[in-house]
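Me: I'd like to learn how to read a few features of a protein model. Could you take me through them, general idea before the particular case?

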Amino acid sequence: QSYCSPSYLIGCSLTDDYISNFTLVGDNGTAINNNSNCTTGSFGFGGGYADYTTLAAAEITTGESYQVSISTGAPIAEVEKVKIWIDWNNDGTFDEDEVIGLIDGIDLLTSTSTFSFTVPADATAGKRRLRARMVTGASVGSIQPCGSAEMGEAEDYSVQVVQACPEPSVDGINITPDIADHYYFTSVNAENVDSYF
């Protein structure tokens, strides 16, 4: 896929408005835990976008919930607003219904905020791009995945979506004896059952 690159007029190097850590712990020991500094442009202006999709992807399973934490290097963290997307349908754009998190100001005392999201049950398996975009002083709802902003930083990562195995279910078991003290067991309305023991 070809994704747009968000841009910033001032960026983050002159103001410390950068994402200093992004963490997402996935399944089976997989995780994104990236400490980073500002991605600068010419003479310290602009820049503010980093593509970390070559890092190992966190594995996430449909229907399961996961926690994301994001930290800033800004001295006044509460003015940092963050919007995070995952391109669930893998079409190369981050749509509004693909927003997984909104942070309306990072915690001032810790410079880190944490939130949880649930992977849609109908998400298809495969590698998907995640974008975290931080903009200083904006309304969090107005943050767009592309285009220009004044100060802040955006970072892209990869997640690996895995489809959950469907849960087996049985409404009941019918037990039928015969004359030789044998018993026959028959399941009632079995779904997603491969075998019995």
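Me: How many salt bridges does the count come to?

Reply: A salt bridge here is a side-chain nitrogen of Lys or Arg within 4 Å of a carboxyl oxygen of Asp or Glu. By this rule, the count is five. Please keep in mind that this is a predicted model: local features need pLDDT of at least 70, side-chain atom pairs count only at pLDDT 80 or more, and totals for chains, interfaces and linings use all residues. Residues are numbered from 1 along each chain as its sequence is written, and side-chain values use heavy atoms, with hydrogens and water left out.

Me: Which residue meets E96 in a salt bridge, and what does the pair tie together?

Reply: The partner is K83, at 3.0 Å from N to O. E96 sits in the loop between β7 and β8 while K83 belongs to strand β7, so the bridge ties together parts 13 residues apart in sequence. Strands are DSSP runs of E, at least two residues long, and helices are runs of H or I of at least four, numbered from the N terminus.

Me: Is K83 buried or exposed?

Reply: Buried means under 20% relative accessible area, exposed over 50%, and partly exposed in between, using a 1.4 Å probe and protein chains only. K83 has 1% relative accessibility, so it counts as buried.

Me: Which residues are linked in a network of salt bridges?

Reply: They are D51, R129, R131 and D156. R129 and D156 have their closest N and O atoms 2.7 Å apart. Since R129 lies in strand β10 and D156 in strand β11, that pair joins parts 27 residues apart in sequence. D156 also forms a salt bridge with R131, again with 2.7 Å between the closest N and O atoms. As for accessibility, D156 is buried at 0%, R131 is buried at 0%, and R129 is buried at 14%.

Me: How many disulfides are there, and what pattern do they follow?

Reply: A disulfide is a pair of cysteine sulfur atoms within 2.5 Å. The count comes to two, and the pattern is 1-4, 2-3, with bonded cysteines counted along the chain. C4 and C146 have their sulfur atoms 1.7 Å apart. The angle about their S-S bond is -65 degrees, a left-handed link. This pair connects distant parts of the chain, 142 residues apart: C4 in the segment before β1 (7-11) and C146 in the loop between β10 and β11. The sulfur atoms of C12 and C38 are 2.0 Å apart, and their link is right-handed, with 85 degrees about the S-S bond. C12 is buried at 0%.

Me: What about the nonpolar core: how many residues has the largest one?

Reply: A nonpolar core is a set of buried Ala, Val, Leu, Ile, Met, Phe, Trp, Tyr and Cys residues joined through side-chain atoms within 4.5 Å. The largest has 29 residues, and F22, L24, I60, I84, W88, F117 and L130 have the most contacts inside it. Another core lies apart from it, with eleven residues, among them W85, F94, V135 and A149. For contact, read heavy atoms within 4.5 Å. Leaving out residues up to four places away in sequence, I60 touches residues including L24, Y66, W88 and F117.

Me: Where is D181 found, and what is its phi near?

Reply: D181 is in the loop between β12 (172-177) and β13 (183-188). Its phi is near 55 degrees, a positive value in a residue other than glycine. D181 is exposed, at 64% relative accessibility.
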